[in-house]
Amino acid sequence: MSRLPPVPHDEWDDDAFAAMSRGQKLPPSNALGLLAHHPDLAKAFLTFNMHLLGTSTLPKRTRELAILRVAWRRRCQYEWAQHLLIAKRAGVTDEEITQVRTGADTPLNRAVAELETDSTLSDATYQALAADLSDRQLMDLVFTVGAYGLLAMAFNTFEVELDPGFSAENFTDAIGE
């Protein structure tokens, strides 16, 4: 049971979600239903989040692998379930998902761990990432990890339940870090 049950879909403040929805009616979502409790916060955060999901310079696959790693490390089932589907649509393979789950020694997994643990990247990890990512992409990566860490914190704190039709596939049998 959620600590702060989502606001029912038909009670959402459309103005609060205009930044993300671009004038379209958004589908029911427990995450957005949570944010509907605080429309001013929702509007501000969703404006930023829209950049991360829609106009970020980070390749979609890279973005989704980073978000999945954050969700795994933070034990955030809601974020994992949502982004597992998005990751698969972006072409992330089952092998890459296993690497996320096991904490395989990849530059991206190291980056997420370092950012979450030390709030910085080591020179070695930065250089490994910089070999494939531009300065803007590196910035988008850091901000993506931070934003999805924040979301994981909120989803876990308020015990946001999975949306209908989503599963915690590959989540409950925790392995690795």
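**Close-up views of a predicted model**

**View 1. Glu116 and its salt bridge to Arg74.** Glu116 is partly exposed, because its relative accessible area is 21% (buried is under 20%, exposed over 50%, partly exposed in between; 1.4 Å probe, protein chains only). Arg74, at 30%, is also partly exposed. Their closest N and O atoms lie 2.9 Å apart; a salt bridge needs a side-chain nitrogen of Lys or Arg within 4 Å of a carboxyl oxygen of Asp or Glu. Glu116 sits in helix 7 and Arg74 in the loop between helix 4 and helix 5, 42 residues apart (helices are DSSP runs of H or I, at least four residues, numbered from the N terminus). Shared partners join Arg73, Arg74 and Glu116 into one network.

This is a predicted model: local features need pLDDT of at least 70, side-chain atom pairs need 80 or more, and totals for chains, interfaces and linings use all residues. Residues are numbered from 1 along each chain, and side-chain values use heavy atoms, without hydrogens or water.

**View 2. Arg61 pairs with Glu96.** The closest N and O atoms are 2.4 Å apart. Arg61 belongs to helix 4 and Glu96 to helix 6. Arg61 is partly exposed at 32%, whereas Glu96 is buried at 17%.

**View 3. Arg63 pairs with Glu64.** Here the closest N and O atoms are 2.8 Å apart. Arg63 is buried at 6%. Glu64 is buried at 0%.

**View 4. Leu129 and its contacts.** Leu129 touches Pro107, Leu108, Ala111, Leu121, Leu138 and Leu141, leaving out residues up to four places away in sequence (contact: heavy atoms within 4.5 Å).

Key. Helix = DSSP H or I, 4+ residues; strand = E, 2+ residues; numbered from the N terminus.
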